Amino acid sequence: MLRFLLEKEFKQFFRNGFLPKLVIVLPFVALAVFPLAANMDVKNLSLAVVDNDRSNTSRQMIEKIVSSGYFKMSGYFDNSQAAMKSIEKGDADILLEIPPKFEENLNRENSGTVMISANAVNGMKGGLGSAYLARIITPQPPTPKSPKGDFAPPSGGWGVGGGAEVRPQFRYNPNLNYKIFMIPALMAMMLAVIGGCLPVFNIVGEKENGTIEQINVTPVNKFTLIIAKLIPYWTSGFVVITLCMLTAFVFYGLVPKGSIVLMYLFAAVFTLSFSGFGLVISNYAKNIQQAIFIMFFFVITFIFLSGLFTPYQNMPEWAQMLGNVSPLKYFIQVLRMIYLKGATFADMQHLFYPLCALAVFFNGWAVLSYRKKSV
């Protein structure tokens, strides 16, 4: 019986001219375009400068800031009031004010101060921009080429005081490339869309077409029917994850540092859990419009609780507890650990078992909630 039902489901899937194209085109476009758009790297910050010193040292510092690639000059101003107006208008993001006798203080006291003001309407942009600027104008540890510091002028250094040497080490993503952080999460999201959203339209679509009544009068049990509904989308999940990996490699040169087999194992369990969740919604929805809105609500909720854009550890405790029922939370962590850290199964078994539990829970719910008779 299962073989005949699977034959029917696969024929129904391929006869739909839209679904096979969606399974192929959506992951390709998403992985090629979304990492470029969903990028939180802060670059091309508009810098307003008030140079009250007008010395060689102040000019060297400004040239060093602009040549860093993070800032572009929006204008020079005679006073801080005019510069602040440019920030209020949105023409500038950061204001750097260099006081009078800046070079003289450097030569006499070997230290100097500058004022940095940032537009903090966008807190992340303002905070990171100020940190970048402070880092650039701070003397760096001595090197053989520059015994007084990489950014220090011949007469000394500028910035926020020396005394302590900080050498940060960035593990797993040394260049702090935000695309590398986002691509594994986008893979999980594409797998959720294909493996979770498409099953939503299956049973509810047959309800609208009236074909579900023909199945209900057959002796097919609920478990067999749900399995037959799951397998086509579970299989398409392997196609999606493969296309995502190929696109990440071709466009960004990103390859997993861990086991690809392990990735497919977790992808299989994740797709099974999310497809089961989609069938649960399909069982309760009375039409496609209702199913779309219900699924949209839950997918958006799962995305924000999963740590897709920000670490879930930063969320309140109640939000972290709600996030435990999101399969996306576990799978995003898995993909990032495999891609960036080369993690093994022993490192991720604390994520595997909750994912398996959710797969059993959602699919069991899908079987129990399916009714062969209209109420």
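Accessible areas here come from the Shrake-Rupley method with a 1.4 Å probe, and for residues only the protein chains shown count as cover. On that basis the protein chain exposes about 19,700 Å², of which carbon and sulfur atoms supply 63%. The structure is a predicted model, in which local features need pLDDT of at least 70 and side-chain atom pairs count only at pLDDT 80 or more, whereas totals for chains, interfaces and linings use all residues. Residues are numbered from 1 along each chain as its sequence is written, and side-chain values use heavy atoms, with hydrogens and water left out.

**Overall make-up**

- The secondary structure of the protein chain comes to 14 helices and four strands, where helices (H or I, at least four residues) and strands (E, at least two) are DSSP runs numbered from the N terminus.
- Of the 375 residues of the protein chain, 45% count as buried; buried means under 20% relative accessible area, exposed over 50%, and partly exposed in between, with a 1.4 Å probe and protein chains only.
- Among contacts in the protein chain with a separation of 6 or more, 76% involve residues 24 or more positions apart, a contact being heavy atoms within 4.5 Å.

**Salt bridges**

- Three salt bridges are found in a search of the whole structure, each defined as a side-chain nitrogen of Lys or Arg within 4 Å of a carboxyl oxygen of Asp or Glu.
- Glutamate 7 pairs with lysine 11, their closest N and O atoms being 3.1 Å apart, and because the two are four residues apart in helix 1 (residues 2-15), about one helical turn separates them.
- Both partners of this pair are partly exposed, glutamate 7 with a relative accessible area of 38% and lysine 11 at 41% relative accessibility.
- In helix 5 (residues 102-109), glutamate 104 and arginine 108 are likewise four residues apart, about one turn of the helix, and they form a salt bridge with closest N and O atoms 3.1 Å apart; glutamate 104 counts as partly exposed at 40% relative accessibility.
- Aspartate 78 forms a salt bridge with arginine 54, with 3.8 Å between the closest N and O atoms. Aspartate 78 lies in the loop between strand 2 (71-76) and helix 4 (80-89), while arginine 54 lies in the loop between strand 1 (45-51) and helix 3 (56-67), so the pair ties together parts that are 24 residues apart in sequence.
- Both aspartate 78 and arginine 54 are exposed.

**Helix 1 and its two sides**

- Helix 1 has 14 residues and reaches 20 Å from its first C-alpha to its last, close to the 20 Å expected at 1.5 Å a residue, the expected span being 1.5 Å times one less than the number of residues.
- Leu5, Leu6, Glu9 and Phe13 are buried in helix 1. Seen down the helix axis, the buried residues of helix 1 fall within an arc of 100°, so they line one face of the helix; the arc is that of the directions from the helix axis to the C-beta atoms.
- Arg3, Phe4, Phe14 and Arg15 are exposed on the other side of helix 1.

**Nonpolar surface patch**

- Ile24, Val25, Phe28, Val29, Val33, Phe34, Phe249, Val250, Phe251 and Val255 form a nonpolar patch on the surface, with about 890 Å² of accessible area together.
- Patches are made of residues with over 30% relative accessible area and no salt bridge, like charges being joined within 9 Å and nonpolar side chains (Val, Leu, Ile, Met, Phe, Trp, Tyr) within 5 Å.
- Helix 2 (18-37) and helix 9 (222-252) each supply at least two residues of the nonpolar patch, and helix 2 gives the most, with six residues.
- Valine 25 is found in helix 2 and is partly exposed, with a relative accessible area of 45%.

**Two buried residues**

- Aspartate 93, in the loop between helix 4 and strand 3 (94-98), counts as buried at 14% relative accessibility. Leaving aside neighbours within four places in sequence, aspartate 93 is in contact with Leu45, Ser46, Ser117, Ala118, Asn119 and Lys125.
- Isoleucine 281 has its place in helix 10 (residues 260-284) and counts as buried at 6% relative accessibility. Apart from neighbours within four places in sequence, isoleucine 281 is in contact with Val200, Ala291, Ile294, Met295 and Phe298.

**Positive phi values**

- Arginine 54 has a positive phi of about 55° although it is not a glycine, and it counts as exposed at 55% relative accessibility.
- Lysine 101, in the loop between strand 3 and helix 5, has a positive phi near 60° and is a residue other than glycine; lysine 101 is exposed, with a relative accessible area of 53%.
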